[in-house]
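Welcome! Try each task before reading its solution.

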Amino acid sequence: MPTEILMPALSPTMEEGTLAKWLVKEGDSVASGDIIAEIETDKATMEFEAVDEGVIGKILIEAGTDAVKVNTPIAVMLAEGESASDIKTASAKKPEAAPAADAGAKAAPEGGSDAPAPSAPPAPKADGERIFASPLARRIAAEKGLDLTQISGSGPHGRIVKADVADAKPAQASAAKADTAPKAAPAAAAMATGPTAEQVAKMYDGRAYEEVKLDGMRRTVAARLTEAKQTIPHFYLRREVQLDALMKFRADLNKQLEARGVKLSVNDFIIKACAMALQAVPDCNAVWAGDRMLRLKPSDVTVAVAVEGGLFTPVLKDAHLKSLSALSAEMKDLAGRARNKKLAPHEYIGGAMAVSNLGMFGIENFDAVINPPHGSILAVGAGLKKPVVGSDGELKVATVMSMTLSVDHRVIDGALGAEFLKEVVACLENPVTMLA
């Protein structure tokens with residue numbers, strides 16, 4: 001039976017994507033591991049590999065087609081002995097565009113890419129929720145007559161993989177699902193919605209304007225920021241930090257590191273300070289997970305990077321264990337690839353908190369929006385010369401930087417957030433401690 005190659009879920013936020021480019025054509029032979037297409041997710045353009053060998057019998061979705069739903073057949077692969085006459089699906093309709101509200105829906109990858117699979121029923125749904133399974137698992141389930149809604153997945157994010165269906169029998173699958181099925185979550189309260197596109201356009205009838213189509217990234221940004229402000233109880237803590245000691249320390253370090261081609265930025269020190277503060281105040285190293293909190297052990301700090309049309313938040317994992325020069329090099333690499341939209345999902349998903357620095361743009365202070373499920377985000381302003389009163393009571397001029405910690409009150413209380421900020425300030429005002 002010819003194998004349907006399905007649109008993969010290449011990131012946990014991907015519900016649909018754009019089939020940007022085919023790297024093969026009908027009649028081409030492919031082997032396992034060959035890159036056959038480029039697919040644009042909500043965040044990046046990613047390569048899609050074949051996992052089986054065969055011949056591309058028919059391309060069902062043309063290059064450049066957007067809003068292709070996950071698990072939609074995009075091509076048909078023929079195995080040895082099969083021909084084009086064996087293909088039952090002779091044509092495919094262009095998928096309808098999904099509404100912007102779907103942009104924040106969750107989908108789970110299995111490894112870095114999805115796999116082609118033989119003809120099988122579409123991904124089933126249980127209680128209205130999509131069940132995610134690898135194409136190979138769907139094929140085996142179809143051959144054995146298994147109901148995927150009755151099988152518990154052991155793959156990433158609960159995805160059903162080959163091992164889950166290989167030895168399962170219908171009765172066993174039902175029993176397993178019954179034992180592990182989570183309790184139904186209470187229905188979410190209806191969210192307030194704004195005016196429709198037609199209503200807004202009517203307000204500007206007679207005025208010249210240009211309609212700007214939203215791409216996947218902008219739809220995702222809009223959906224997540226709306227979610228953040230509607231569901232996260234934000235509150236804000238503000239501190240000022242004197243940077244004179246750090247600026248001198250940084251200049252001395254950079255002079256010594258010049259021969260190695262290393263130049264540390266103030267942001268590198270801020271990232272390191274946040275990582276150390278998360279270790280000093282572990283209760284702040286937490287995220288909100290619906291009906292519970294997840295308290296992380298390592299300090300995984302994300303950093304907002306502006307890109308054309310939106311932003312990325314690449315993750316610096318185990319930042320508390322890395323040297324300043326290592327963090328600096330990793331941040332430069334992640335930021336560069338983020339701007340070219342070449343980050344893999346595991347490089348921008350995760351972390352307990354984020355750092356957003358607009359100081360280089362001259363912004364003195366601002367309030368940042370928490371990126372769910374993070375527990376907080378630190379907004380960093382510019383360092384400015386200001387008059388301050390020293391510990392000896394004398395008036396002096398110092399370089400002062402404003403910081404605002406936006407906090408999810410479900411995860412972090414006021415006193416706890418204040419303790420975290422105190423640790424960040426202590427690190428920045430005594431930078432030599434970050435080398436210990």
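**Exercise 1: a helix and its surroundings**

Task: In this predicted model, compare the span of helix α9 with the expected span, then find what its buried residues pack against.

Solution: Start with the length. Helix α9 covers residues 414–429, which makes 16 residues. From first C-alpha to last it reaches 22 Å, close to the 22 Å expected at 1.5 Å a residue.

Next, pick out the residues with under 20% relative accessible area. In α9 these buried residues are Leu-416, Gly-417, Phe-420, Leu-421, Val-424, Val-425, Cys-427 and Leu-428.

Finally, look at their partners.

**Exercise 2: a sheet**

Task: Work out the strand order of the open sheet of four strands, and look at how β2 meets β4.

Solution: Reading across the sheet gives β5-β4-β2-β7, with antiparallel pairing. At the edges lie β5 (45–49) and β7 (65–69), each of which pairs on one side only. From one strand to the next, the twist averages 40 degrees.

Now zoom in on one pair. Strand β2 (residues 16–22) and strand β4 (residues 35–40) run antiparallel and are joined by four bridges. Opposite Leu-19 stands Ile-39 in β4.

**Exercise 3: confidence**

Task: Where does pLDDT stay under 50?

Solution: Begin with the whole protein: pLDDT averages 82, and 82% of the residues score at least 70. Then find the stretch under 50, which is residues 89–128. For this stretch the model has 107 contacts beyond four places in sequence.

Definitions and conventions
Residues numbered from 1 in each chain as written. Predicted model: local features only at pLDDT ≥ 70, side-chain atom pairs only at ≥ 80, totals over all residues. Heavy atoms only, no water. Helix = DSSP H or I, 4+ residues; strand = E, 2+ residues; numbered from the N terminus. Expected span 1.5 Å × (residues − 1). Buried < 20%, exposed > 50% of the residue type's maximum accessible area, 1.4 Å probe, protein only. Contact = heavy atoms within 4.5 Å. pLDDT = per-residue confidence, 0-100. Pairing = 2+ DSSP bridges. Axes fitted to C-alpha atoms, helices over the stretch in contact; angles between N-to-C directions.
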